[in-house]
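Thanks for picking this one up.

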Amino acid sequence: MIRNMIDQRIIPYIAMCQREGTSLQRGMNFRLHGRHSVILMSRRSDAPYADRIEEDGSVLIYEGHDTAKTKDSPYPKLLDQPEFLNSGRLTENGKFKKAAIDFKRGLKSPDVVKVYEKILPGLWADNGYFHLVDAWCEQVEERDVFKFKLIAIPSSDDDLEAETQFNPQSGERRRIIPSAIKQEVWKRDQGKCVLCGSGDELHFDHIVPYSKGGTSLSAANVQLLCMRHNLQKSAKIE
Ligand SMILES: [Zn+2]
């Protein structure tokens, strides 16, 4: 079953940091303030990591992160991605991996991860909540790279609910709009609500919603709406 989803919100970088209560300098942030984790993804051509979306938009394969660039290691892209710090503590890669493997072994419920996607410099899409369900290492250009599998779950503003309520095996998934479609729609609608021209609190709106068979794979079915018009529309549909 696919529930009537809240459309994907577009959010400036500053607002994103305010919402998460921290400046998001790093791409991987494990359990911020002890709650959900936050990851930043990008499918832009200049993206530093190979994140990809699978299964019609319901699965994210997120690449782990390189060791920090320092004077002693100026070429992180030539080194294995680290699981541990020199101190022996886990890196963010290591923490996400442990959570994923513990879930796979049935030791805990899946970690909840909020995903933001860079669309343009300074401009991000809220891709909603995901469950972290798997992690592994791949050899890419002769080095070890971490991969994390995340499944999109129905949006929830309540962390505890997100963690316990949704079962990734039950088929209750959410689909996110592909990056190329988001970029195309943003350009076509010139960064404004198509109904009132407002540039604030914009969402990617499905003209025909998922629940009515609408697709997110075509820009023709996606438009920019401000919060007010997005809410008005979803009230009408329900
Ligand atoms: Zn509007």
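1. The chain folds into five helices and 10 strands; here helices (H or I, at least four residues) and strands (E, at least two) are DSSP runs, numbered from the N terminus. Residues are numbered from 1 along each chain as its sequence is written. This is a predicted model, in which local features need pLDDT of at least 70 and side-chain atom pairs count only at pLDDT 80 or more, while totals for chains, interfaces and linings use all residues.

2. A word on confidence before you look closely. pLDDT is the predictor's confidence in each residue, from 0 to 100. The chain has a mean pLDDT of 87, with 89% of its residues at 70 or more. Which helix has the lowest confidence, and which the highest? Helix H3 (residues 159-164) is lowest, with a mean of 58, and helix H2 (residues 92-104) is highest, at 97. Where pLDDT is low, the predicted coordinates should not be read in detail.

3. Next, burial. A residue is buried if 20 or more other C-beta atoms lie within 10 Å of its own, exposed if 12 or fewer, and partly exposed in between, with C-beta atoms placed from the backbone. Of the 238 residues in the chain, 35% are buried. Two residues are in contact if their C-beta atoms, placed from the backbone, lie within 7 Å. Counting contacts between residues at least 6 apart in sequence, 56% join residues at least 24 apart.

4. The largest nonpolar core has 45 residues. Such a core is a set of buried Ala, Val, Leu, Ile, Met, Phe, Trp, Tyr and Cys residues joined through C-beta atoms within 7 Å. Ile 39, Phe 96, Val 113, Phe 130, Leu 132, Phe 148 and Leu 150 touch the most other members. Where does this core lie relative to the domains? Domain 1 (8-176) and domain 2 (177-238) both contribute residues, so the core lies between them; the domain bounds come from an automatic or database domain assignment.

5. Two strands count as paired if DSSP finds at least two bridges between them. E7 pairs antiparallel with strand E6 (residues 111-120) over eight bridges, and with strand E8 (residues 143-152), also antiparallel, over 10 bridges. Strand E1 (residues 8-12) is joined to E7 by four bridges and runs antiparallel to it. For landmarks, Ala 125 in E7 is the bridge partner of Ile 10, Phe 130 is that of Val 113, and Asp 134 stands opposite Lys 149 in E8.

6. Leaving out residues up to four places away in sequence, Phe 130 touches Leu 60, Val 113, Val 115, Leu 150, Ile 151, Ala 152 and Ile 153.

7. Strand E9 (202-206) is largely enclosed by the rest of the structure, because five of its five residues are buried. Leu 202, Phe 204 and His 206 point one way from E9, whereas His 203 and Asp 205 point the other way. E9 pairs antiparallel with E1 over two bridges, where Gln 8 has Phe 204 as its bridge partner. Five bridges also join E9 to strand E10 (residues 222-226), again antiparallel, and Leu 225 in E10 is the bridge partner of His 203.

8. Which residues of H4 are buried? They are Ser 179, Ile 181, Lys 182, Val 185 and Trp 186. The face turned away from the buried side carries exposed Ala 180 and Lys 187.

9. Finally, some backbone angles to check. Arg 31, in the loop between strand E2 (28-29) and strand E3 (37-42), has a positive phi near 40 degrees. Glu 201 has a positive phi near 50 degrees, and Gln 190, which follows H4, has one near 55 degrees.
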